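We will go from stop to stop, selecting as we go.

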Amino acid sequence: MRRLVLTLLLATSALAEENAQEKGKLVENVAATRDGTQTYTLYLPTSYDATKKHPVLVVMDPRGRGTVAAAIFREAAEEFGWILISSNQTRSDGDWEPNMKALRALMPEVAERYATDPKRVYAAGFSGTAMVSWQLGLVTGGLAGVIGVGGRNLPEFPPQKFNFAHYGFAGFADFNNRDMRALESILMTENKVAHRFSQFEGGHQWIGPDEARHALGWFELLAMKNGTRPRDEALIARIWEREQARVLSGVELLEERRALLRTFDGLRDVAALRQQVSQLENDPAIAREREEIARWDAWEREFVDTTFSRTPQIFAAIRGQRLSPTATLLKEYRVAELKKRAMKPGAEGMAARRLLEAVFGQVNFYLPTQLMEKKEYALAAGVIAVATELHGDRPNVWINLAAAQARNGDKKKALASLEKAMALGWTNVEMLRKNDDFASIRDDPRFP
């Protein structure tokens with residue numbers, strides 16, 4: 001039944017539409033044929049030919065930023081001849097219905113509006129939309145591959161049952177990094193699908209264009225191996241050289257070389273690569289590094305389990321004893337300790353950086369959202385103030401603080417926070433004019 005559903009969605013159209021859209025350009029706000037409320041950013045490579053079949057990547061941004069997300073994959077899509085369809089309506093951290101509605105509108109676009117190869121349909125998502133991508137593949141059984149960035153390893157999306165090739169990514173400081181590594185470990189030991197995992201500098205964020213090029217190139221190699229695209233010796237050589245140019249060391253080098261061995265075996269001579277992998281596997285320094293990573297992974301897991309689970313009790317104390325939310329959370333979340341550990345090299349520093357990012361996510365988004373919904377504006381402002389201690393260089397932190405302060409009637413503080421946000425580069429003035437959070441300060445002469 002699931003395959004029948006996908007067949008109906010992805011059946012090749014009698015005539016692929018040669019759209020009036022420009023090739024080689026990100027075209028914004030294209031309305032879906034079956035549901036005009038659903039829009040997306042489209043990219044057709046300059047090599048696009050309506051008489052031929054092309055691979056297509058459905059991109060799902062967790063905040064519905066279709067153009068922002070599509071821009072990440074644009075260069076790679078042009079190089080390899082892929083179509084991009086990037087939704088403006090997908091969301092994370094909320095009801096899943098917007099994502100389902102988006103997919104119900106976008107998948108017919110893939111099948112009926114563009115000259116796509118039904119055997120080469122891929123999806124990419126970040127954070128919550130990585131999980132949407134996994135669900136799409138699991139339910140339909142018809143995705144050739146998924147690029148999952150910074151998702152969570154949840155039982156609802158068992159990697160043991162992945163029926164698509166998976167390229168996972170996570171920033172070194174991503175609070176979901178440990179989950180993504182756990183997912184890769186499961187694919188390594190309990191699933192035979194093609195898989196790969198890479199890390200990059202950064203926190204909980206999308207990959208960049210370089211990582212996107214590696215991912216699409218990897219899928220091109222897999223397509224050659226399984227016969228869904230012709231073999232191209234020049235392309236194999238180009239991707240091989242690009243992969244060899246990456247500067248890696250230690251455990252990361254070993255895992256990447258293992259991935260290359262799995263990928264290029266059958267496409268070119270890998271005898272030297274196989275020997276390198278064998279040497280790395282027997283390197284005592286790498287064994288010690290693995291032990292150190294495991295040790296600090298356990299420390300990170302214990303911190304999450306014991307500290308964040310106490311958040312309801314912490315807030316009960318703040319409310320009952322009239323404690324300062326900022327000072328209390330800085331202490332309870334051990335921010336000073338984490339900052340000190342984050343300066344250390346190796347696995348300890350990396351684990352502390354991930355935990356600081358986890359704390360930041362709580363105090364800049366999750367907890368304030370809950371408190372604002374309960375109209376506890378003063379408490380929300382006190383919580384967001386912790387975020388300014390962690391990433392006071394980010395304008396959105398000061399926008400969030402200003403919103404809570406304005407809701408609480410602290411006009412002077414709200415305007416001061418807005419000034420800091422603007423000084424740091426905030427440019428979305430239209431949002432400030434329309435967002436009801438700032439209604440109480442719009443009449444102030446300093447607001448314009």
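In which strand does Asn29 lie? Select Asn29: it sits in strand β1, residues 26-31. Before moving on, note that this is a predicted model, where local features need pLDDT of at least 70, side-chain atom pairs count only at pLDDT 80 or more, and totals for chains, interfaces and linings use all residues. Residues are numbered from 1 along each chain as its sequence is written, and side-chain values use heavy atoms, with hydrogens and water left out.

**Stop 1: Asn29**

Strands (E, at least two residues) and helices (H or I, at least four) are DSSP runs, numbered from the N terminus. Is Asn29 buried or exposed? Asn29 counts as exposed, at 56% relative accessibility. The scale runs like this: buried is under 20% relative accessible area, exposed is over 50%, and partly exposed is in between (1.4 Å probe, protein chains only).

Now show the contacts of Asn29. Contact means heavy atoms within 4.5 Å. Leave aside the neighbours within four places in sequence, and Asn29 touches Thr39, Tyr40 and Asn88. Next, draw a line from Asn29 to Ala381. They are 35 Å apart, C-alpha to C-alpha, and 352 residues apart in sequence.

**Stop 2: helices α12 and α15**

Select residues 325-332 for α12 and residues 377-391 for α15. These helices pack at an angle of about 50 degrees, with axes 8 Å apart. Axes are lines fitted to C-alpha atoms, for helices over the stretch in contact, and angles run from 0 to 180 degrees between N-to-C directions. The pair α12 and α15 is therefore oblique. Angles under 35 degrees count as roughly parallel, over 145 as roughly antiparallel, 65 to 115 as roughly perpendicular, and the rest as oblique.

Show the side chains. From α12 come Pro325, Thr326, Leu329 and Leu330; they meet Leu379, Gly382, Val383, Ala385, Val386 and Glu389 of α15.

**Stop 3: helices α14 and α16**

Select residues 346-373 for α14 and residues 395-407 for α16. Their angle is about 25 degrees, and their axes lie 11 Å apart. That makes α14 roughly parallel to α16. Which residues make the contact? On α14, pick Phe360, Asn364 and Met372; on α16, pick Asn396, Val397, Asn400, Ala403, Ala404 and Arg407.

**Stop 4: aromatic rings**

How many aromatic pairs does the structure hold? There are 18. Rings of Phe, Tyr and Trp (its six-membered ring) pair if their centres lie within 6.5 Å; planes under 30 degrees apart count as stacked, over 60 as edge-to-face and the rest as tilted.

Select Trp96 and Phe157. This pair is stacked, at 5.6 Å centre to centre with 10 degrees between the planes. The pair links distant parts of the chain, 61 residues apart. Trp96 is in the loop between β4 and α3, and Phe157 is in the loop between β6 and β7. Trp96 is partly exposed at 29%, whereas Phe157 is buried at 8%.

Go on to Trp134 and Phe162. This pair is tilted: 5.7 Å centre to centre, 40 degrees between the planes. Trp134 belongs to helix α4, while Phe162 is in the loop between β6 and β7. Trp134 counts as buried, at 0% relative accessibility. Phe162 counts as buried too, at 3%.

For the last stop, select Trp82, Tyr122, Tyr167, Phe169, Trp218 and Phe219 together. They form one aromatic cluster.
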